[in-house]
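Please find below my note on the model under review.

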Amino acid sequence: MTVVSLVPKAPGPKDLPRGIAPSTAPAHPAPADLQLFRQALRQLAGGVSVITTGRGAARTGLVATSVSSLSAEPPTLMFGLNLASSSFPVLRAHGAFAVNLLAADQKPIADRFAGRGGEKGLARYAEASWTEGASGSALLDGALANLDCEIEELIERHSHAIVIGRIREIRIGSESAALLYWRGAYERLGWLPDEAASALGLRAY
């Protein structure tokens with residue numbers, strides 16, 4: 001009987017490109033430490049978005065920092081959503097959602113959609129102005145951009161679902177500074193409109 005290993009052989013020192021030292025890690029590393037994983041990912045800055053879904057009294061939403069482009073042809077994006085989130089069944093039933101890219105001065109909206117004050121469901125939409133997109137999802141006035149999407153696919157993996165959305169409507173809004181999330185806190189990228197106007201005024205002299 002011939003036994004063929006399906007595990008690729010680890011490269012030896014002679015197989016490695018010049019300048020690459022052989023790994024000293026064990027052949028079968030232990031599972032990644034959860035705390036270290038979270039600590040590492042905190043170093044990755046991400047744009048802050050509010051995901052809205054549902055209609056009427058069933059409207060709800062959440063904050064996401066994992067939104068990314070998937071394809072330009074056709075325009076498609078994706079983000080990760082915890083299966084235990086109260087928004088997940090609403091999003092799946094609605095079949096659509098909107099991604100609202102937040103400006104730096106919209107941090108209070110991010111706090112509400114993160115539930116930091118205990119807000120849930122429709123209460124998260126308070127104290128902001130919204131319009132309805134093509135899919136019926138809510139689009140935030142004053143956002144940097146709004147992308148209204150239909151769900152193309154939900155892929156459940158581990159504790160989360162990968163939500164893939166086909167973009168049906170795009171609105172470009174404010175040219176304000178962007179709201180970022182980094183190392184567990186909100187940060188700002190760019191200038192607010194009044195700062196930009198002031199700087200341009202100074203440059204005129």
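1. Leucine 77 is in contact (heavy atoms within 4.5 Å) with Val67, Ser68, Ser69, Leu70, Phe97, Val99, Leu147, Cys149, Val163, Ile164, Gly165 and Ile167, leaving aside residues up to four places away in sequence. The model is predicted: local features need pLDDT of at least 70, side-chain atom pairs count only at pLDDT 80 or more, and totals for chains, interfaces and linings use all residues. Residues are numbered from 1 along each chain as its sequence is written, and side-chain values use heavy atoms, without hydrogens and water.

2. Strand E2 (residues 49-53) is largely enclosed by the rest of the structure, because 5 of its 5 residues are buried. Buried means under 20% relative accessible area with a 1.4 Å probe, protein chains only; strands are DSSP runs (E, at least two residues), numbered from the N terminus. On one side Ser49, Ile51 and Thr53 are buried, and on the other Val50 and Thr52.

3. E2 pairs (at least two DSSP bridges between strands) with E3 (residues 60-64) in the antiparallel sense over 5 bridges, and valine 50 stands opposite valine 63. This hairpin has 6 residues between its strands, and glycine 54 in the turn has a positive phi of about 85°.

4. E2 also pairs with E6 (residues 96-101), in the antiparallel sense over 4 bridges. Threonine 52 has alanine 98 of E6 as its bridge partner.

Notes
Buried means under 20% relative accessible area, exposed over 50%, partly exposed in between (1.4 Å probe, protein chains only).
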